[in-house]
Amino acid sequence: MNRSEYNFQRCKLCGEITAKPTYNLIDSTVYTCRNCDFHFLNHLDSNSEKLSKITQLDEKSRKYIESRFEGSVQLDPERVELVQKYFDLSRCKTLDIGAGLGQFQLLLHAQGAEAQGIEPSSIRREYAREKSNLNLRSELVDNHFWQTGFIQHFDLITLWDVIEHVDFPRETLESAIKLLKPGRMLFLDTPSREVLSYQLSQQIYRFVPGKMSLFLSSFYSTSPYGHKQIFTPQQLFKLVENLGLEIVFSARSYTNKLFSNHKIILAGRKI
Ligand SMILES: [Zn+2]
């Protein structure tokens with residue numbers, strides 16, 4: 001696929017040429033698919049020049065990383081707990097895709113797992129090396145590094161808050177599943193499109209087209225590694241089943257609080 005010439009009328013989920021520009025945001029447009037109703041932004045990181053500009057871990061980027069750190073690690077203990085319901089982690093070979101600062105990986109290490117991680121952002125990798133002595137890999141999961149040396153290698157693959165950020169989620173998941181041993185498991189979570197704020201935004205946009213994107217712009221971003229697509233639970237379940245996983249667990253939130261059903265959490269076993 002020539003990513004620099006990607007035709008956004010081609011739906012990133014079903015592959016049909018049935019996507020239409022639907023919601024105009026400030027610097028981008030959300031395309032919606034007439035065939036499968038997938039919603040995605042007309043922006044790819046692989047086409048972005050912004051990415052190459054942030055390469056150094058300096059005082060400013062260090063502060064930014066630290067300010068975002070708190071929120072991103074809060075869920076990790078619950079994620080480990082979830083994984084442990086299905087796994088004795090000791091001696092498991094694990095791969096965390098989109099590892100961030102490697103915090104989840106550190107928790108798996110502590111349980112005795114042989115844990116590896118992929119993180120595309122060089123400043124996050126550098127930070128993880130500096131703070132935790134972790135060597136996160138830069139090669140993306142579809143890179144030949146993984147696809148030649150690690151086929152059916154891992155017992156556990158995790159993608160926490162990742163598939164909404166990648167350019168091509170179907171291809172990312174497909175590549176990840178190839179690295180999984182048969183019978184072993186993939187866990188992921190991602191924001192859900194079935195939340196009130198998203199649905200309200202769509203309805204208001206219909207009445208005041210072009211002027212009121214309301215909360216929609218908070219769901220998507222053209223920033224490096226920003227959100228490029230938001231799934232409904234049904235779309236995601238169907239996708240992972242098509243890619244060869246049997247869904248063994250799904251939920252809409254980590255804690256049982258009212259109104260916290262803003263996520264899609266799922267675990268699938270490779271058939
Ligand atoms: Zn589609």
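How many bridges join β2 to strand β3, and in which direction do the two run? The answer is 3 bridges, and β2 and β3 (residues 39-41) run antiparallel. Welcome to a short tour of this predicted model, in which local features need pLDDT of at least 70, side-chain atom pairs count only at pLDDT 80 or more, and totals for chains, interfaces and linings use all residues. Residues are numbered from 1 along each chain as its sequence is written.

**Overall picture**
- The chain has 10 helices and 10 strands; helices (H or I, at least four residues) and strands (E, at least two) are DSSP runs, numbered from the N terminus.
- With a radius of gyration of 18 Å, close to the 18 Å that the globule rule gives for 271 residues, the chain is as compact as a globular protein of that length. Here the radius is taken over C-alpha atoms, and the rule is 2.2 Å times the number of residues to the power 0.38.
- Along the principal axes, the C-alpha atoms fill a box of roughly 55 × 45 × 45 Å.
- Of the 271 residues, 35% count as buried, where buried stands for 20 or more other C-beta atoms within 10 Å of the residue's own, exposed for 12 or fewer, and partly exposed for anything in between, with C-beta atoms placed from the backbone.
- Among contacts between residues at least 6 apart in sequence, 60% join residues at least 24 apart; two residues are in contact if their C-beta atoms, placed from the backbone, lie within 7 Å.

**Two domains**
- Domain 1 covers 16-47 + 196-230, and domain 2 covers 48-192 + 236-271; these bounds come from an automatic or database domain assignment.
- The C-alpha centres of domain 1 and domain 2 are 24 Å apart, and their contact takes 11 residues from domain 1 and 10 residues from domain 2.

- Strand β1 (residues 19-24) runs antiparallel to β2 (residues 29-33), with 5 bridges between them, and K20 has T32 in β2 as its bridge partner.
- A hairpin of 4 residues joins β1 to β2.
- Y31 is the bridge partner of F40 in β3.
- The hairpin of β2 and β3 has 5 residues between the strands, and D37 takes a positive phi near 65° there.

- Strands β9 and β10 (residues 263-270) run antiparallel and are joined by 6 bridges, with S250 opposite L266 in β10.

**Helices across the sheet**

**A look at K263**
- K263 sits in strand β10 and counts as partly exposed because it has 18 C-beta neighbours inside 10 Å.
- Leaving aside neighbours within four places in sequence, K263 is in contact with D189, T190, P191, S192, R252 and S253.
- K263 and H109 are 154 residues apart in sequence and 26 Å apart in space, C-alpha to C-alpha.

How values were computed. Two strands pair if DSSP finds at least two bridges between them.
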